[in-house]
Amino acid sequence: MSLLKRELIHEVSERLVDYQKQDIALAVEIILEEISLALSKGRRVEVRGFGSFSIRALKPRTTKNPKTGKMINIPARKTPHFTMSKSLREALIDNT
């Protein structure tokens, strides 16, 4: 089950009753934009107690299209990577 951005905003607004939902939505949007901006500049983003986001470079490679059997070239690219914190990892292990 996934948590949508609107559900995240709703959960935060339930806990922070002194703030308007539109202000919380703006704060969530700003946080996500700043993470995206930092990653696009090649910077690492660390959220203590949660984890860190970084960019990994993938090398170009050749692979086979399973549908046609034809060899295709995949160019080099960058992809986001998330590493969870030790406390999050331990919380997930305790919940299983």
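These notes cover a helix pair and a group of aromatic rings in a predicted model.

1. Helix packing. Helix H1 spans residues 5–15 and helix H2 residues 21–40. Their axes come within 9 Å and cross at roughly 125°. That angle makes H1 oblique to H2. The crossing is right-handed.

2. The helix contact. H1 contributes Lys5, Leu8, Ile9, His10, Val12 and Ser13. H2 contributes Lys21, Ile24, Ala25, Val28, Glu29 and Leu32. By class, the residues of this contact are seven nonpolar, two polar and three charged.

3. Aromatic pairs. The whole structure holds two of them. In one, the ring centres of Phe50 and Phe82 lie 5.3 Å apart. Their planes stand at 50°, so this pair is tilted. Phe50 sits in the loop between strand S1 (45–47) and strand S2 (51–58), while Phe82 belongs to strand S5 (residues 77–84). The pair therefore ties together parts 32 residues apart in sequence.

4. The pair of Phe53 and Phe82. Here the ring centres are 5.0 Å apart and the planes meet at 45°, so this pair is tilted. Phe53 is in strand S2 and Phe82 in strand S5. The two residues are 29 apart, and their pairing links distant parts of the chain.

5. Ring pairs join Phe50, Phe53 and Phe82 into a cluster. Phe82 is partly exposed, at 33%. Phe53 is partly exposed too, with a relative accessible area of 22%; the cut-off for buried is under 20%.

Technical notes
Residues are numbered from 1 along each chain as its sequence is written. This is a predicted model: local features need pLDDT of at least 70, side-chain atom pairs count only at pLDDT 80 or more; totals for chains, interfaces and linings use all residues. Side-chain values use heavy atoms; hydrogens and water are left out. Axes are lines fitted to C-alpha atoms, for helices over the stretch in contact, and angles run from 0 to 180 degrees between N-to-C directions. Helices (H or I, at least four residues) and strands (E, at least two) are DSSP runs, numbered from the N terminus. Angles under 35 degrees count as roughly parallel, over 145 as roughly antiparallel, 65 to 115 as roughly perpendicular and the rest as oblique. A crossing is left-handed if the near helix is turned anticlockwise from the far one by less than a right angle, and right-handed if clockwise. Contact means heavy atoms within 4.5 Å. Ala, Val, Leu, Ile, Met, Phe, Trp, Tyr, Cys and Pro count as nonpolar, Asp, Glu, Lys and Arg as charged, and the others, Gly among them, as polar. Rings of Phe, Tyr and Trp (its six-membered ring) pair if their centres lie within 6.5 Å; planes under 30 degrees apart count as stacked, over 60 as edge-to-face and the rest as tilted. Buried means under 20% relative accessible area, exposed over 50%, partly exposed in between (1.4 Å probe, protein chains only).
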